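Trainee: Could you take a close look at one part of this model with me? I would enjoy going through it slowly.

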Amino acid sequence: MTITDEDCLAETLAFNKQFEATAASRPTRGETPDATVLATLRRNRLGGNTPPVRLPQGQDRVAAGGVKVRAFVPDRVDGVYLHIHGGGWAFGSAGGQDERLWHLAEQARLAVVSIEYRLAPEHPFPAGPDDCEAAARWLVDHAAVEFGTQRLLIGGESAGAHLSVMTLLRLRDRHGITGAFRAVHLLFGPYDLSMTPSQRSFGSKRLLSNTDTVRGSYELFTPEMGAEQRRDPEVSPLFADLVGLPPARIVVGTEDPLLDDSLFLAQRWQTAGAPVQLGVVAGAMHGFTLFPLTITERELRRERDFLATA
């Protein structure tokens with residue numbers, strides 16, 4: 001394992017410490033958040049306490065099966081990036097990162113299509129994966145007509161990274177579709193919902209995610225399931241056959257309870273025969289790209305370069 005950005009470690013750890021110090025002022029994500037907490041988390045941008053900025057460049061559309069998407073289409077389009085947002089499968093939205101996604105669209109010359117998948121607890125598993133599968137199939141069938149290209153990419157952050165892998169597996173296993181998506185970009189995702197060692201041992205440190213919040217997200221997304229049921233490959237992609245999946249870039253921070261998930265997935269991805277770039281960012285907590293840090297600037301540049309050249 002090669003750790004990157006050690007030259008930024010002092011800044012990154014100082015931010016983590018400050019984030020912990022202000023934990024009391026943030027709504028707590030628990031196993032059964034009340035309606036007020038859930039509404040607050042959904043109203044505000046991920047990791048923040050104000051609503052996200054919505055740009056006029058974002059186009060709200062409806063894809064196959066009535067799935068809503070938000071598209072960002074620059075003047076020049078060399079590919080389409082199917083983006084799946086994070087938020088523990090329970091909050092976040094396709095319109096929650098307009099500035100970042102429009103920036104990516106312009107700089108990487110991609111039409112970025114972000115999915116408004118249904119959220120738990122109102123719509124638990126398999127609703128979210130079903131919506132992502134439907135949107136992906138719509139792009140496979142219609143990208144050439146809609147966007148003038150069949151060069152497709154997929155990826156997301158946190159729960160969105162999990163849903164990205166699940167979508168590729170569903171395309172392969174349910175529809176015989178492999179190779180349609182040229183690459184996948186995965187930021188700090190959970191790939192074992194029965195909990196990897198790093199998830200279990202992280203503890204109660206009040207960073208953006210810890211052992212309790214991870215466990216709570218799984219309770220919302222997969223209610224009624226125990227650990228053994230969550231090891232099903234249709235729930236936890238770490239246990240799936242990964243043969244036939246595209247090249248991947250997998251990124252996680254050393255201060256993320258999901259560290260093992262990325263390390264283990266990268267190993268299995270490579271063993272299955274596809275190229276993998278693994279980035280482990282020194283001192284970075286879960287969701288670090290949501291915050292104004294040097295490592296965020298670097299990571300978003302790496303993401304752009306990977307997607308532009310994949």
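Predicted model: local features only at pLDDT ≥ 70, side-chain atom pairs only at ≥ 80, totals over all residues.

Trainee: How far does helix 9 (residues 259–271) reach from its first C-alpha to its last?

Mentor: Happy to. Residues are numbered from 1 along each chain as its sequence is written, and side-chain values use heavy atoms, with hydrogens and water left out.

Now to your question. Helix 9 has 13 residues and reaches 19 Å from its first C-alpha to its last, close to the 18 Å expected at 1.5 Å a residue. The expected span is 1.5 Å times one less than the number of residues. Helices (H or I, at least four residues) and strands (E, at least two) are DSSP runs, numbered from the N terminus.

Next, its burial. Buried means under 20% relative accessible area, exposed over 50% and partly exposed in between, with a 1.4 Å probe and protein chains only. By that rule, Leu 259, Asp 260, Asp 261, Ser 262, Leu 265, Ala 266 and Trp 269 of helix 9 are buried. They pack against helix 5, strand 7, helix 6, strand 8 and strand 9, where contact means heavy atoms within 4.5 Å. After helix 9 comes Gly 273, with a positive phi near 110°.

Two of these buried residues lead us into the core. A nonpolar core is a set of buried Ala, Val, Leu, Ile, Met, Phe, Trp, Tyr and Cys residues joined through side-chain atoms within 4.5 Å. The largest one has 52 residues, and Leu 265 and Trp 269 are, with Phe 181 and Leu 186, the members that touch the most others. Helix 5 (residues 159–175) gives this core its largest share, eight residues. Leu 186 has contacts with Leu 265 and Trp 269, and also with Gly 156, Ala 161, Ser 164, Val 165, Tyr 191, Arg 249, Ile 250 and Val 251, leaving out residues up to four places away in sequence. Leu 259, in turn, belongs to a second, separate core of 19 residues, which also includes Leu 187, Phe 288 and Ile 295.

With Phe 188 it forms an edge-to-face aromatic pair, 5.8 Å centre to centre and 65° between the planes. Rings of Phe, Tyr and Trp (its six-membered ring) pair if their centres lie within 6.5 Å; planes under 30 degrees apart count as stacked, over 60 as edge-to-face and the rest as tilted. Phe 188 lies in the loop between strand 7 (181–187) and helix 6 (197–201), and Phe 288 in the loop between strand 9 and helix 10, so the pair ties together parts that are 100 residues apart in sequence. Phe 288 is buried, and Phe 188 is too, with a relative accessible area of 3%. Phe 188 also has a positive phi, near 35°, although not a glycine.

Strand 8 (248–255), strand 9 (276–285) and helix 10 (294–309) are among the elements covering the buried residues of helix 1. Those buried residues include Thr 12, Phe 15, Asn 16 and Phe 19. They cover an arc of only 100° around the axis, which puts them on the same side of helix 1; the arc is that of the directions from the helix axis to the C-beta atoms. On the face turned away from the buried side sit the exposed residues Ala 10, Lys 17, Gln 18 and Ala 21. Helix 1 (residues 9–21) also has 13 residues, which should span 18 Å at 1.5 Å a residue, and its end C-alpha atoms are 18 Å apart, which agrees.

For a second look at ring geometry, take Trp 89 and Phe 221. Their pair is stacked, with 4.5 Å between the centres and 5° between the planes. The two are 132 residues apart, Trp 89 in the loop between strand 4 (79–84) and helix 3 (98–108) and Phe 221 in helix 7 (residues 211–221). Both are buried, and together with Phe 125 and Tyr 218 they form one aromatic cluster. Phe 125 also takes part in a cis peptide bond to Pro 126, with omega about 15°.
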